[in-house]
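Hi everyone, thanks for coming.

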Amino acid sequence: MQRSTGEYKIKPIKKKVRELLDHPYPSRVPKGVFVEQWVGISTDEFHRAKDADVKYMRNRHPLITDMDWSRADCVRYLTSIGLAETPKSSCLGCPFHGNAQWRAIRDHSPEEWADVGEFNAAIREGNARANATGNKLLRQAFLHRSRVPLNQAPIDHVTAAEWAALQEEIGALDTADLEEGVADGCSPWACRGSDPVRDEFGLAA
Ligand code: SF4
């Protein structure tokens with residue numbers, strides 16, 4: 001998933017930043033010319049606050065350095081201005097979604113649901129370039145934890161297999177993960193995809 005962050009978030013952001021600085025690739029950005037980016041990492045996630053990897057971008061984390069706000073402080077503030085339902089930031093087809101997020105897409109956004117279904121089908125056998133260079137997937141890729149196509153995945157209830165896995169991994173796996181997905185949101189410089197995906201079904205290669 002860090003690949004998705006690199007390809008689909010960081011690369012386009014760098015391209016835009018270079019344009020804004022009037023030094024599009026491949027021209028060199030002069031020393032001392034940079035943009036400041038504000039990244040919304042809260043105090044409970046301070047370990048995810050990272051510097052950008054190029055000198056023409058400097059990351060700033062105002063929730064940590066200026067406001068000392070935790071996730072709860074952010075939720076309190078959003079609630080106070082009528083935005084209590086603000087979802088976690090993430091890509092549409094993130095495999096870290098819990099069942100609640102998949103249901104929300106299916107039930108409220110049919111076009112996006114069709115889109116993620118197509119995406120899931122397209123990545124099933126791996127990426128075309130990787131296949132062409134012989135780096136084929138050893139197994140198939142799926143977005144839902146149950147490793148079946150999204151339109152067949154048990155997103156309306158927790159399955160017996162999921163419960164069995166929970167019993168075995170008690171303490172290591174939070175029941176809320178299955179329903180709500182991972183707690184962390186995702187941002188270009190704090191990709192939750194750097195966390196290992198747990199293999200509740202014992203299917204990992
Ligand atoms: S939300 Fe983060 S972890 Fe999920 S697909 Fe997007 S970049 Fe990857």
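Predicted model: local features only at pLDDT ≥ 70, side-chain atom pairs only at ≥ 80, totals over all residues.

Residues are numbered from 1 along each chain as its sequence is written, and side-chain values use heavy atoms, with hydrogens and water left out.

Now the layout. The protein has 8 helices and 2 strands; here helices (H or I, at least four residues) and strands (E, at least two) are DSSP runs, numbered from the N terminus. Following the sequence, you read the pattern α-β-β-α-α-α-α-α-α-α. There are 205 residues, and 33% of them count as buried. Buried means under 20% relative accessible area, exposed means over 50%, and partly exposed is in between, with a 1.4 Å probe and protein chains only. Take the contacts between residues at least 6 apart in sequence: 58% of them join residues at least 24 apart. Contact means heavy atoms within 4.5 Å.

Let's turn to the strands. Strand β1 covers residues 35-38 and strand β2 residues 57-60, and they pair in the parallel sense over 4 bridges. Two strands pair if DSSP finds at least two bridges between them.

Why does Asn59 count as buried? Because its relative accessibility is 13%. Its side chain is joined to that of Gln37 by a polar contact of 2.7 Å. A polar contact is a pair of N or O atoms within 3.5 Å; within protein, one must be able to donate a hydrogen and the other to accept it, and residues adjacent in sequence count only if both atoms are side-chain atoms. A polar atom of the Asn59 side chain also lies 2.9 Å from the backbone oxygen of Lys50. Leaving out residues up to four places away in sequence, Asn59 touches Gln37, Val39, Lys50, Asp51, Ala52 and Trp189. Asn59 and Trp189 are 130 residues apart in sequence, yet their C-alpha atoms are 8.7 Å apart in space.

Trp189 also belongs to the largest nonpolar core, which has 9 residues, including Ile10, Leu21, Val35 and Met57. A nonpolar core is a set of buried Ala, Val, Leu, Ile, Met, Phe, Trp, Tyr and Cys residues joined through side-chain atoms within 4.5 Å. Apart from this core lies another, of 8 residues, among them Trp102, Ile105, Leu143 and Ala153.

Trp102 and Ile105 lead us to the helices. In α4, Asn99, Gln101, Trp102 and Ile105 are buried. They cover an arc of only 165 degrees around the axis, which puts them on the same side of α4. The arc is that of the directions from the helix axis to the C-beta atoms. In α5, the buried residues are Trp113, Val116 and Asn120. Their arc is only 65 degrees, so they sit on the same side of α5. Part of what covers them is α4, residues 99-108. On the other side of α5, Glu111, Glu118 and Ala122 are exposed.

Where is Pro26? In the loop between α1 and β1, and a cis peptide bond joins Tyr25 and Pro26, with omega about 10 degrees. Asp22 is found in the loop between α1 and β1 as well, and has a positive phi of about 65 degrees although it is not a glycine. Asp68, in the loop between α2 and α3, has a positive phi of about 55 degrees, and is not a glycine either.
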